[in-house]
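Good morning, and thank you for coming.

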Amino acid sequence: MNSLKAKTAKESLTINTEVVMPNDTNHLGNLFGGKLLQWMDITAAIAAQRHCKRVVVTATVNNVSFENPIKQNSVVTLEAKVSRAFTSSMEVFIDVFVENPVTGEQIKCNEAIFTFVAVDQNGAPLPVPPLTPETELEKKRFDGALRRRQLSLILAGRMKPHDATELKALFV
Ligand SMILES: CC(C)(COP(=O)(O)OP(=O)(O)OC[C@H]1O[C@@H](n2cnc3c(N)ncnc32)[C@H](O)[C@@H]1OP(=O)(O)O)[C@@H](O)C(=O)NCCC(=O)NCCS
């Protein structure tokens, strides 16, 4: 725990609206996955930066799911919020919506979870403020973040499975 003042998730809320142009599509005329990842990375980085007021770098990209194809000309809205902050790292959720052109309804089509680290001018990690979740969804994502961090650190060879207490608890 550090001495920085806690922030709420909504303080980091970042909304980015894009239109799928012909140049953003694959052979089937749907949004190219790499383009969506780029939009996610930028939107989530701004959310992380809003939380810590520091330069951030992308440390991991997790749980990206491309559940539904997004057609050319679609209006796509990305909403990113910090879900939990640790010492220098922050988990950010990105929810992706496509707008129904007739009703204006926002239909959720994808989501992703990225991790950013606040760094100084030499790229060394810096402490970030803790996060206080408020809504039920924010609390659920906050609780899950510790397990996701443990899984990510195990896969990166940075943590021994034996030490991942909260993750192991899921299996007993
Ligand atoms: C991310 C980076 C700053 C971490 O630096 P490091 O020297 O390994 O620093 P640390 O070991 O202190 O880790 C810093 C934080 O990152 C977290 N982290 C590192 N790898 C992680 C992973 N695979 N999953 C989750 N968290 C990770 C650590 O747990 C730590 O978090 P904490 O301070 O909240 O506990 C460094 O690896 C880096 O600069 N990477 C390149 C980033 C970049 O250029 N991104 C753009 C994409 S090319």
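A156 is exposed, because 10 other C-beta atoms lie within 10 Å; a residue counts as exposed at 12 or fewer such atoms, as buried at 20 or more, and as partly exposed in between, with C-beta atoms placed from the backbone. What I am showing is a predicted model, in which local features need pLDDT of at least 70, side-chain atom pairs count only at pLDDT 80 or more, and totals for chains, interfaces and linings use all residues. Residues are numbered from 1 along each chain as its sequence is written.

A156 sits in the loop between α2 and α3 (165-168); helices (H or I, at least four residues) and strands (E, at least two) are DSSP runs, numbered from the N terminus. K7 is 149 residues from A156 in sequence, and their C-alpha atoms are 28 Å apart in space.

Let me turn to strand β4. In this strand, residues 75-85, eight of the 11 residues are buried. Strand β2 (residues 14-19) runs antiparallel to β4 and is joined to β4 by six bridges; two strands pair if DSSP finds at least two bridges between them. Strand β5 (residues 89-99) is also antiparallel to β4, with nine bridges, and a hairpin of three residues connects β4 to β5. A80 in β4 stands opposite T14, and the bridge partner of A80 in β5 is I94.

Finally, the ligand. Which residues are closest to the ligand? They are F86, T87, S88, S89 and S152, out of 18 that surround it, each with its backbone-placed C-beta atom within 6 Å. The largest share of this shell, four residues, comes from β3.
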